[in-house]
Amino acid sequence: MAVTIDELGRRLKEERGRLAKALEQMRAGAPPVGEAKEGSPYGKKEEGATEAFELEKRLALEKRLMALIGEVEHALQKFKDGTYGLCDVCGQSVEMARLEVLPQATLCLSCKAKQERSAKGKFPSR
Ligand SMILES: [Zn+2]
């Protein structure tokens with residue numbers, strides 16, 4: 001059942017393609033600013049705020065996608081360098097079970113936990 005490093009590399013490349021496509025689609029499908037305000041239940045006063053909120057949401061999503069792509073590319077780079085599977089911070093092997101779930105993981109669990117604690121409130125929710 002154990003997954004091989006090669007298999008993980010293959011998945012990473014797939015993932016990179018998928019993420020790039022998602023980003024592209026989101027950019028293409030997003031309505032240009034100033035359009036698509038159909039029947040807001042609130043008056044004109046609210047419109048600007050809603051729009052700004054939508055834009056902000058889209059930018060946040062875009063940023064998250066780009067961050068993910070960055071992670072995947074970073075992992076692929078490590079793959080090339082032959083350091084794939086080693087933690088960026090402490091140099092220990094990243095748990096294989098973790099890589100299987102998250103092939104772009106470049107931190108072991110304990111370093112990741114530390115990082116998340118220091119960047120509080122930045123959990124990627126869905
Ligand atoms: Zn570590």
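Good morning. I begin with L12, which, setting aside residues up to four places away in sequence, touches V72, A75, L76, Y84, P103 and Q104. Please keep in mind throughout that this is a predicted model.

L12 belongs to the largest nonpolar core, a group of 19 residues. Together with Y84, C87 and L99, L12 is listed among those with the most contacts inside that core. Two elements each give two or more residues to it: α1, spanning 5–29, and α2, spanning 44–81.

One of the partners of L12 is Q104, and I turn to that residue now. Q104 sits in the loop between α3 and α4. Is Q104 buried or exposed? Its relative accessible area is 6%, under the 20% limit, and therefore Q104 is classed as buried. Beyond its neighbours up to four places away in sequence, Q104 touches L12, L68, E71, V72 and A75.

Next, a residue of helix α2, namely L65. Its relative accessibility is 12%, so L65 also counts as buried. Which residues does L65 contact, leaving aside those within four places in sequence? They are L19, A22, L23 and M26.

I come now to the zinc ion. Which atoms of the protein are its donors? They are the SG atoms of C87, C90, C108 and C111, at 2.3 to 2.4 Å from the ion. Along the chain, these donors follow the spacing C-x2-C-x17-C-x2-C. C87, in the loop between α2 and α3 (96–101), and C108, in the loop between α3 and α4 (109–118), are 21 residues apart, and this pair links distant parts of the chain.

As for geometry, the angles among the four donor atoms run from 106 to 116 degrees, and the site is tetrahedral. For reference, the ideal angle for four tetrahedral donors is 109.5 degrees.

C87 and C108 are both buried; for C108 the relative accessibility is 4%. C90, at 38%, falls between the limits of 20% and 50%, and so counts as partly exposed.

Finally, how many disulfides does a search of the whole structure find? The number is zero.

To close, I return to C87, which is both a donor of the zinc ion and one of the residues with the most contacts inside the largest nonpolar core. Thank you.

Notes. Residues are numbered from 1 along each chain as its sequence is written. This is a predicted model: local features need pLDDT of at least 70, side-chain atom pairs count only at pLDDT 80 or more; totals for chains, interfaces and linings use all residues. Side-chain values use heavy atoms; hydrogens and water are left out. A nonpolar core is a set of buried Ala, Val, Leu, Ile, Met, Phe, Trp, Tyr and Cys residues joined through side-chain atoms within 4.5 Å. Buried means under 20% relative accessible area, exposed over 50%, partly exposed in between (1.4 Å probe, protein chains only). Helices (H or I, at least four residues) and strands (E, at least two) are DSSP runs, numbered from the N terminus. Contact means heavy atoms within 4.5 Å. Donors are N, O and S atoms within 2.8 Å of the metal (3.2 Å for Na, K and Ca); water is not among the atoms, so sites may look incomplete. Four donors count as tetrahedral if all angles lie between 85 and 135 degrees; four count as square planar and six as octahedral if opposite donors are over 155 degrees apart and all others between 65 and 115; anything else is irregular. A disulfide is a pair of cysteine sulfur atoms within 2.5 Å.
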